[in-house]
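Here's a quick look at how the parts of this model sit against each other. Have the structure open while you read.

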Amino acid sequence: MLKILLIGLVLFLAVFLRIVNISETPPVYLDEASIGYDAYSLSIRSKDQYGEPWPVFFRSYANFQSPIYIYLTAVSVKILGLTPVSIRLVSILSGMVIILSTYFLIKILNPEFKFRFYTTLILTVSPWAVFFSRGAMEANLGLAIFTTSLYLIFKGLFKKRGLWLILGIILLALTNFGYHAYRLISFGTLFLLILIFYRQLSISLKKVTFLGIACFILILIPQILLLNTPGSLERFKSLEYFSTDFFQANGGELRSQFLGHYQFIILEFFGKYLDYLSLKSLFFDTDPTLVRGIPEMAVFYQWMCVPFIVGLYFLIRERVTKIRLFFILLGLISLIPAALTRDNLYELRVLPFLWTVSILISQGLTKLSQFKKFWPAIIGVVLIMSLIPLYTNYFHLLKYERNIDHSGFINDLFKYTKDRSDKKFIVSLSEPLSYGVALYIYQYDPREFEKSLNFNLENYYTDLTLKTEHNIKNLQIRQINWEVDTFEEVYLAGDEQTISRFKVEENGLEEIVIFRSPLDIRSVTIYKTNPKFKCLARLEKDKVFSSLNQRCQIILK
Amino acid sequence: MKSISQIFLFLLTVFLTVSSPFFKRLTEEVIFSGIIIILSLGVALGLTFNFKKILFLSSFLLVLFSLWFGVNHFDKKLVTVSPLERLALKERQNYFYPKAAKILFSESTLTLYKYNRNLFTNLDFNQFFFAGRPRYRDFALDFPKFQPYLLPFLIIGLILIIKRGLKLFLLTSVLVLLLVAVSDPSFTLGPLPIYPLITGVISLGVFKSIVYFILLARKIC
């Protein structure tokens, strides 16, 4: 009874941490807005924003996103409408599925209650688990499918039930549609499972495994058919570091060395690979992509370094069982996709690795609590040392210091323009993808948007160009034409880079409202044009020019 | 036979130390070069042949060296607050209830934060083997301190140490890391007292791998 109560409390805490203030913190980001709008379009007419019915990859900002998250979000958008909650609901549920499936997986593999309790607790409070469950992240859904597939596979293996095994392998195949990184990780996992556990399978289970592999390949057919299209490869091509151009730009001294390009590739791979394994990356450094991390906080709390090292110590000291070997190798192969990309420390791509590290930390905590005997005290310490930094850094610092990265003030701008539908706005922002946020906030009719795009669907997976100038109701999102727009009575909205102080004075623009990021680092201002001022200025200019012309004519004579 | 092994390990450790990129930069600092060679030898011999007295003595000297290093290359930023940091602290204090803010964003928490940053920087293997690649620390003029191909041997050595439960060595490592964390991370030569530990473990890894392959070859033949 006590055990059920403890697990129940932890699950309650998990739900609370994942839903509290979810519509405000963090603000809806560009990628989330695009996911939401595609889901909205699907829920209305079974087509994405470009008009493609049931795509294998969503074109979105020509970055070809994995489909399952958007398909599932279409359901929540249909029920709840297009809101931050409906966009993030799949991720919140994924976070809960990760915790539950891991709990049941550990229950099969290790009978010790403490171990699976600590694993549940660590997955509940870890910064990475909370952060990625509170945003519309395909990778989080991918991990939920992945952990569920592992649970089913191990249940099939240990209970000798073929049905679970097949279901697990099918889910493993589906991770390919959950997030791009699983296009490598799922194959690696299947290979590891066969390599390590094949011998212990009975003949009937071996047959079932082959059937499962056949299903795995069948499910991948849509992706295999698109394998050669730019859309399928775009994500990788835009991120890889193998090209000669990238080497020439970043190779440094290696450019003049023998086999320098190969040396560069090897150093990049191992440098990036080790970077994810570094204690500094795991416990100290925040994700350099500011929108993917919590201020001043790594993917794990600093205190977790101690149980991690203890867990590692016992992992090495104790006998390497097949299950342990599988999890060690799984953690190591799950870093490969991220190490093949040029981004430094992109934690979103290594969620299975972070998941295995969480299990290792739990192992360390279990060992520590055996020494102390008084394990409720350890739970108390874990909770205090986790929830205080989470509260300060996530629920406060992030709100203030990452508002810009989460497009917080862009959200405010479009909410303002939407409320003033009788006025015409020309929006010019230095972020070209901001139109995605406008589509989401205006809940613009996807049929109208598709018409305005005039996109040839035959090139859906091959055309990599992206139109960033759009007309959305009372909005025109485009560059300002200073010689034309200022002679009309309109409202111009822009940031410091698109509307300079000089332009404001030159065109006599009247400041209407400023949307500032909380720390006043960046702002978007709405100005009203002054055609009268502009016309007078033009006449004055013409006068000067005509007198100059006359003078020139006299000189020339 | 044992003395041959000991001589081989002696030569191997000297070779590994001298051929390491960090050592080339130490040529002008003769005292440092000597200390590091002696300590590396002590750690390697103590670990490989389980010479407890040698290991204890080198551990003791290593801790003293770390203490001296920490004092002489003390990171002044740990105890001073720059105007920019003070501004950030003040700004952050505004987000919270005043009483809580004073505890959460005080100068002492900033010191703790900086100490942890130094500590985790010294735990970063990339700094030692890949010149901080891919995230170069430009301020520290990073360079690889050890040859990258020696990394597997470091891992082998560490696994062997943990398997054998060499608590003295593990305790020394923790102490050295804690002491070196007070030194300035931008010191061009890097955290010197850690190098003998790494060289010693690499020597153990290389030595045991060679022994393993010799035994394997004998079995096959």
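Chain A is split into domain 1 (2-23 + 83-238 + 278-401) and domain 2 (408-540), with bounds that come from an automatic or database domain assignment. Bear in mind that this is a predicted model, where local features need pLDDT of at least 70, side-chain atom pairs count only at pLDDT 80 or more, and totals for chains, interfaces and linings use all residues. Residues are numbered from 1 along each chain as its sequence is written, while chains are lettered from A and ligands numbered from 1 in the order in which they are written.

Taken over C-alpha atoms, the centres of domain 1 and domain 2 of chain A are 41 Å apart. Where the two meet, eight residues of domain 1 of chain A are in contact with five of domain 2 of chain A; contact here asks for C-beta atoms, placed from the backbone, within 7 Å. On the domain 1 side, α12 (230-237) and α20 (375-401) of chain A give two or more residues each, and α12(A) has the largest share, with four. Helices are DSSP runs (H or I, at least four residues), numbered from the N terminus.

Now for the chains: 22 residues of chain A and 21 residues of chain B make up their contact. On the chain A side, α14 (260-277), α15 (279-283), α16 (305-317) and α20 give two or more residues each. The most comes from α14(A), with seven residues.

Here are the two sides by class, with Ala, Val, Leu, Ile, Met, Phe, Trp, Tyr, Cys and Pro as nonpolar, Asp, Glu, Lys and Arg as charged, and the others, Gly among them, as polar.

| Domain 1 of chain A, touching domain 2 of chain A | three residues | three residues | two residues |
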